[in-house]
Amino acid sequence: MNWRINESGVSATIENIEWERIHLILTVRLHIDGQKTYDIDKMEFYAVNNFGGCGVKFDVRRKEDIIKLHVNVTNNGDLRCIPRGTYRIFVCEKDCVLAECETSPDIADQLEAMSRNFLYGERGKSYNVTFYIEDGTDTLPFRMHCIALGAVGVTFPQNPSFLKKINLIKALKDCYLSSRSVLRRVYKWYSFLYKSRRKNTVLFMTEQNQKIASNLKAVSDRMVDRQLDQQYRLLYSARPAAAEPQSKKSWIGLMKLLAQSGTIFIDDHAPVLDWLKLDDDTTLIQLWHAGAGFKSSGYSRWGHEGCPSPQSCHRQYKYGIAGSKNIAPFFSEVWGINDEQVLPTGMPRMDEYLDEQHRNEKIKELYEQFPMCRGKKVILFAPTYRGRNKKTAYYPYELIDFEKLYQICGDEYVVLFKMHPWVNKDIVIGKKICG
């Protein structure tokens with residue numbers, strides 16, 4: 001890099017710091033000496049640590065001399081959080097460093113309040129982004145420090161126990177005898193056996209249900225329709241492992257299926273892949289069952305209870321799908337992957353609704369099951385669940401005023417309620433207003 005800070009005639013001041021969920025937004029004002037000529041649109045901004053390593057390249061959004069620097073702190077472009085380190089913000093043009101960002105005096109005393117701590121790992125760990133001004137200078141150099149922290153003891157310091165440090169039984173158990181350690185080795189063994197012949201093997205997998213359904217079934221059926229099952233070996237794994245204990249035989253069987261498969265399709269979170277790293281030549285594709293990614297989930301709710309760890313199942317996706325290109329960025333945020341990895345294919349399970357015969361059959365079934373819908377305008381209310389997962393899923397029915405809703409609908413409308421399949425408690429509606 002060509003260091004031109006002292007002669008460039010460019011200065012940059014950070015005037016504001018904002019957060020939008022996991023997105024950090026820095027407002028920068030540029031000042032350029034009138035005798036110098038630069039193309040502002042070609043200027044780039046980098047966060048560089050004390051060793052000269054680039055932690056992130058900012059997404060730059062310009063409006064005259066006011067610039068907004070955007071970055072997702074959970075994904076610096078390499079499918080990981082911004083690495084640990086203390087960063088300076090540099091203004092660059094091609095291979096020239098023109099300026100280092102200073103701190104506006106107006107926010108100098110607010111930097112601590114603008115910092116953020118994101119708790120994860122059952123709230124026993126934290127990823128911290130801290131802003132401060134470096135001491136011992138005549139100016140106000142801006143610094144950003146990123147670090148992941150874990151729980152520490154709070155007792156008075158004392159000499160550690162030698163025996164505890166060399167607890168061989170615990171070491172053996174942690175390294176070789178824990179269930180996850182054993183399963184990782186089982187996976188690696190099967191992977192070695194099947195590596196040469198898994199290129200044309202496809203696995204459809206769910207850890208949430210006892211059957212293959214939704215987008216998984218739609219893609220599988222379509223492959224069979226196109227006779228691709230003659231070119232690819234199709235395997236299936238359906239277990240409710242996210243909510244129910246599984247047998248040793250089931251776990252070993254899953255390791256074998258995973259190791260045999262060159263391509264794996266899932267349509268929901270697979271907790272096993274939070275701790276099992278797939279081989280690099282295995283392609284994991286997320287066929288997310290939800291048609292929209294607007295709810296707070298995955299890395300969008302980082303720092304909240306139940307959020308993923310910095311490395312998780314989501315980081316292993318080679319690709320994911322979305323209903324359209326306009327909503328694809330919401331999905332990449334949830335999964336902590338890059339925008340280009342989200343393919344706007346639409347939902348595979350929706351293809352059948354393009355079939356007029358299928359639609360007519362479903363309308364007929366609807367009227368047979370709910371005859372009160374004939375001649376009425378039908379409103380479908382199908383909310384997602386509340387709670388952290390399948391075990392704790394619920395819906396707050398008490399927030400719905402059914403009597404008032406009934407009065408509003410009158411004779412013109414009928415409302416159908418379809419609860420999320422994880423919600424076990426039935427909705428209770430009085431006989432007077434229930435068709």
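A disulfide is a pair of cysteine sulfur atoms within 2.5 Å. The views below come from a predicted model.

**View 1. Cysteine 409 and its closest cysteine sulfur.** The sulfur of cysteine 409 has its closest cysteine sulfur in cysteine 373. The two lie 11 Å apart, so they are too far for a bond. Cysteine 409 is itself buried, at a relative accessible area of 11%.

**View 2. Cysteine 92 and cysteine 54.** Which cysteine holds the sulfur closest to that of cysteine 92? That sulfur belongs to cysteine 54. The separation is 8.7 Å, too far for a bond. Cysteine 92 is buried as well, with a relative accessible area of 3%. How many disulfides does a search of the whole structure find? The count is zero.

**View 3. Asparagine 75 in its loop.** Asparagine 75 sits in the loop that runs between strand S7 (66–72) and strand S8 (85–93). Is asparagine 75 buried or exposed? Its relative accessibility is 9%, so it counts as buried. A polar atom of the asparagine 75 side chain lies 3.0 Å from the backbone nitrogen of leucine 79. The side chain of asparagine 75 also makes a polar contact of 2.9 Å with the side chain of asparagine 338. Neighbours within four places in sequence aside, the residues in contact with asparagine 75 are Arg80, Cys81, Arg315, Gly336, Ile337 and Asn338.

**View 4. Tryptophan 335 in helix H7.** Helix H7 covers residues 328–335 and includes tryptophan 335. This tryptophan is buried, with a relative accessible area of 1%.

View 5. How do the residues of the lining divide? There are 16 nonpolar, 17 polar and 14 charged residues in the lining of the second largest pocket.

Definitions and conventions:
Residues are numbered from 1 along each chain as its sequence is written. This is a predicted model: local features need pLDDT of at least 70, side-chain atom pairs count only at pLDDT 80 or more; totals for chains, interfaces and linings use all residues. Side-chain values use heavy atoms; hydrogens and water are left out. Buried means under 20% relative accessible area, exposed over 50%, partly exposed in between (1.4 Å probe, protein chains only). Ala, Val, Leu, Ile, Met, Phe, Trp, Tyr, Cys and Pro count as nonpolar, Asp, Glu, Lys and Arg as charged, and the others, Gly among them, as polar. Helices (H or I, at least four residues) and strands (E, at least two) are DSSP runs, numbered from the N terminus. A polar contact is a pair of N or O atoms within 3.5 Å; within protein, one must be able to donate a hydrogen and the other to accept it, and residues adjacent in sequence count only if both atoms are side-chain atoms. Contact means heavy atoms within 4.5 Å.
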